[in-house]
Amino acid sequence: MLLKKLEHYGIRGVSNDWLRSYLFNRKQYVSFDNFSSDLKSVSCGVPQGSILGPKLFILYINDICNVSKLLKFVLFADDTNIFYSDFNIPDLCNNVSLELDKLNVWFAVNKLSLNISKTNFIIFGNRKYTGDINITINNINIERVFLTKFLGVLIDHKLNWKEHINLICNKVSRNISIIYKASKILNTKTLLTLYCTLILPYLNYCAENWGNTYESNLEKLFLKQKRVIRIINKAAFNAHTTLLFKKLNVLKLKDLIELKIAMFMHKVYNQNAPRNLLELFEVKVNNKYYNLRSKSTFNLKFARTTQKQLCLSIRGIRLWNSLTEKMTKCKSIKSFKIQYKKDVLSKY
């Protein structure tokens, strides 16, 4: 089946025969302590631990997106996420259940198993609904959750990012204690290296998404960042931190988040972002709006709710449109990042 799909994608003739010889007539066994099992022929799958394995798997499941015209798929390796929207909750549940039954057939045809116990759904939105909400696969109810993890980010049903920020706070707190103990014997430069290793990655990762929330939600995380900055500078526990941030050439949490947003918008502006993200933005040319065929000021769309105003597609446009022409004309993302950070630090 894999070879037939590869042939459909254009891997034919000698190339397909080469992969056939790579996949067929393989055997495997299990070794534990001093015991080894008998050899068994591998009738399906790809060699475990191989470089080609993940690529072949992605090609094998690539046509899953063709199963439904209603559902939108987001695939990352073997993690498949499905999205669907509707104003009416009963219609939403019914449509999704019908489409999931089609998906279940696709799994059976492609000899893949769907672990229903690990499958769940989450409904986003603030609209209250008192009736039963059930989504099924092959007449089996799947679990409804109010919090889920996607690629290391906790996403709650109200999209306020509180749970993910709490997760970061817990991880940062553990590493602050390590830096505090190390501050007794290490100099400031080395402690700054520890900050960039143990703290900064948590603050950086997907900050352009979870950072778009109310300042009150970010306050406790910012307090922890200030604490570690004082430790690195060997300053008093109540010392003002603005000059300490500038001394270390480190951005405050709010400015770090805005830097990540600005870098994302730089990619959009230069059309280096994925196509589905580019479709969220329009540019204004001579008072007319076009898709991203040319480079100009972005069109700011109307946002009725505060939550929508905090969305990356709105906040990002506001931030980018406020930048100087010198900043927006930076060609490389590296030079843009350096200049942006320099401008922010000059205001500390």
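Is Glu-99 buried or exposed, and what is its relative accessibility? At 7% relative accessibility, Glu-99 is buried (under 20% relative accessible area, with exposed over 50% and partly exposed in between; 1.4 Å probe, protein chains only).

The legends below describe a predicted model, in which local features need pLDDT of at least 70, side-chain atom pairs count only at pLDDT 80 or more, and totals for chains, interfaces and linings use all residues. Residues are numbered from 1 along each chain as its sequence is written, and side-chain values use heavy atoms, with hydrogens and water left out.

**View A. Salt bridge between Lys-102 and Glu-99 in helix 4.** The two side chains meet at 3.2 Å, N to O; a salt bridge is a side-chain nitrogen of Lys or Arg within 4 Å of a carboxyl oxygen of Asp or Glu. Helices are DSSP runs (H or I, at least four residues), numbered from the N terminus. Lys-102 is partly exposed, at 44% relative accessibility.

**View B. Salt bridge between Glu-215 and Lys-254.** The closest N and O atoms lie 3.6 Å apart. Glu-215 belongs to helix 9 (residues 215–233) and Lys-254 to helix 11 (residues 253–269), so the pair ties together parts that are 39 residues apart in sequence. Glu-215 is exposed at 56% relative accessibility, whereas Lys-254 is partly exposed at 44%.

**View C. Salt bridge between Arg-315 and Glu-258.** Here the closest N and O atoms are 3.7 Å apart. Arg-315 in helix 14 (residues 312–321) and Glu-258 in helix 11 link distant parts of the chain, 57 residues apart. The structure holds 4 salt bridges, including this one.

Conventions:
Helices (H or I, at least four residues) and strands (E, at least two) are DSSP runs, numbered from the N terminus.
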